[in-house]
Amino acid sequence: MVENAKKQISNFSWNNSGKLAIEAFENLLRKKAGRNIDVSSKRKKLAYISPLPPQRSGIADYSAELLPSLSEYYEIDVIVDQSDISDEWINNNCNIQSVNWFKDNSELYDRVLYHFGNSYFHQHMFELLYKYPGTVVLHDFFLGHVIDSMGILSQESYYSHGYKTFLSESQDIVWDYPTNKRVIDHAHGVIVHSQYPKQLAIDWYGYSVTKNWSVIPLLRLPAEPVGLKQQCRKKLNIPEDAFLVCTFGLMGATEAEQRTARCMVSF
C-alpha cells in the first residue's frame, strides 16, 4: 500500500491536474448552454470567488495552490470579502477586486467560478451566485452551518426539503439536511471531489439534478513522506510525551470524529 502511494505521488502532475479541472469547467459550460462554446487560445476572463490566505480555511489554501495553474488558461480576478491577502503569488499575478466591485462589473467576465464550503467565510457567495450564476466547486455537500450563521436556515431548508424539516423529529437540521438545493439550482454546473457527494445529491434530489456535475479528485500538492511517528514529532517540534488533540474542520458525524479519536490515541 505504501509503495502504491509513493508511485501515485511520483506520477502527480499539478499541470495535468489543472488541465483536468479546466476541461471539466468548460464542459459544464457547454452542457449548460446546450451548444458548442468556443475555447480559443486567447485567455478568457475569470472571476474567481473564494476565501484566500490568510483566512483560516482549507479552501483558501486549496485556491492558493490551484490559481497558478488556472492562470495559464484564464486572466483571473480574485473576488474577495476580506481585508488582505497574504499569498505573494496571488498579490503579484491576479487582480484583486471587492464584492461590490464585482457587482458593478460582472459583465466583464467570461467565466465565474465559486468555491462553496460550510463555513462563514462563504456567506457573501450565496447572494452573488443567485444574481450572477457561475460554476460551483462544492467542497462541502452539507451547507447548513453557514446558512444557519446567516439567519436564513428556515427558508433555505424549506426550499431544499419542504415541510419535512419542520415535521422531522430531528432537533439538528444543520447536521441532518444538506440545505443546498438553491445553490445547486443556480449553478451553471457543479464540480465535486469524489463520487460520494454526487451520490448524495442523487439520493436527496434524484438523478436529474446531477446532469451538469463533474467529479474531479481533490487537487492538492502531494505531501512529502516524513517517515515514522518519532520523525513526525521531531519535524513538528512536538515532545515525544505530549498528548495530541487534532481537529479537522467542524467536528461532527461528517468528520468521522470517533475514527479520528482512535487515530489520535494510536499516534
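Is D77 buried or exposed in this structure? D77 is buried, with a relative accessible area of 2%; buried means under 20% relative accessible area, exposed over 50%, and partly exposed in between (1.4 Å probe, protein chains only). The structure is a predicted model, in which local features need pLDDT of at least 70, side-chain atom pairs count only at pLDDT 80 or more, and totals for chains, interfaces and linings use all residues. Residues are numbered from 1 along each chain as its sequence is written, and side-chain values use heavy atoms, with hydrogens and water left out.

**The chain as a whole**

- The protein chain contains 14 helices and seven strands; helices (H or I, at least four residues) and strands (E, at least two) are DSSP runs, numbered from the N terminus.
- Of the 267 residues in the protein chain, 45% are buried.
- Among the contacts with a separation of 6 or more, 64% are between residues 24 or more positions apart; a contact means heavy atoms within 4.5 Å.
- The protein chain exposes about 15,400 Å², and carbon and sulfur atoms supply 50% of this area. Accessible areas come from the Shrake-Rupley method with a 1.4 Å probe; for residues, only the protein chains shown count as cover.

**D77 and its surroundings**

- D77 is placed in strand β2, which covers residues 74-80.
- The side chains of D77 and N95 are joined by a polar contact of 3.0 Å. A polar contact is a pair of N or O atoms within 3.5 Å; within protein, one must be able to donate a hydrogen and the other to accept it, and residues adjacent in sequence count only if both atoms are side-chain atoms.
- When residues up to four places away in sequence are not counted, D77 touches K45, L46, A47, Y48, N95, Q97, W101 and Y109.

- The largest nonpolar core has 36 residues, of which F102, Y114, F116 and L138 touch the most other members. A nonpolar core is a set of buried Ala, Val, Leu, Ile, Met, Phe, Trp, Tyr and Cys residues joined through side-chain atoms within 4.5 Å.
- Helix α6 (residues 123-131) gives the largest share of this core, four residues.
- A second, separate core has 20 residues, including A64, L67, I76 and L219.
- In α6, the buried residues are H124, M125, F126, L128 and L129. These residues pack against β1, α5 (99-105), β4 (111-116), β5 (135-138), α7 (144-149) and α11.
- With neighbours within four places in sequence left aside, L138 is in contact with F116, L143, N180, V190, I191, V192 and W213.

**W213 in strand β7**

- W213 belongs to strand β7 and counts as buried, at 5% relative accessibility.
- A polar atom of the W213 side chain lies 3.0 Å from the backbone oxygen of V209.
- W213 and A187 are 26 residues apart along the chain, and their C-alpha atoms are separated by 9.9 Å.

**Helix α12**

- Helix α12 spans residues 195-205, and its buried residues are P197, L200, A201, I202 and Y205.
- The buried residues of α12 pack against α8 (153-161), α11, β6 (189-192) and β7 (213-215).
- At the start of α12, a side-chain oxygen of S194 comes to within 3.3 Å of the backbone nitrogen of Y196.
- G206 follows α12 and has a positive phi, near 100°.

**Backbone geometry**

- Most residues other than glycine have a negative phi, and most peptide bonds are trans.
- P53 and P54 are joined by a cis peptide bond, with omega about 15°. P54 is in the loop between β1 (44-49) and α3 (58-70).
- T179, although not a glycine, has a positive phi of about 55°. T179 is in the loop between α10 (173-176) and α11 (181-186), and counts as buried at 1% relative accessibility.
- N237, also not a glycine, has a positive phi of about 60°. N237 is in the loop between α13 (229-235) and α14 (257-266), and counts as exposed at 69% relative accessibility.

**A nonpolar surface patch**

- Y158, Y163, F166 and L167 make a nonpolar surface patch of about 510 Å². Patches are made of residues with over 30% relative accessible area and no salt bridge: like charges are joined within 9 Å, and nonpolar side chains (Val, Leu, Ile, Met, Phe, Trp, Tyr) within 5 Å. A salt bridge is a side-chain nitrogen of Lys or Arg within 4 Å of a carboxyl oxygen of Asp or Glu.
- F166 lies in helix α9 (residues 164-167) and is partly exposed, with a relative accessible area of 45%.
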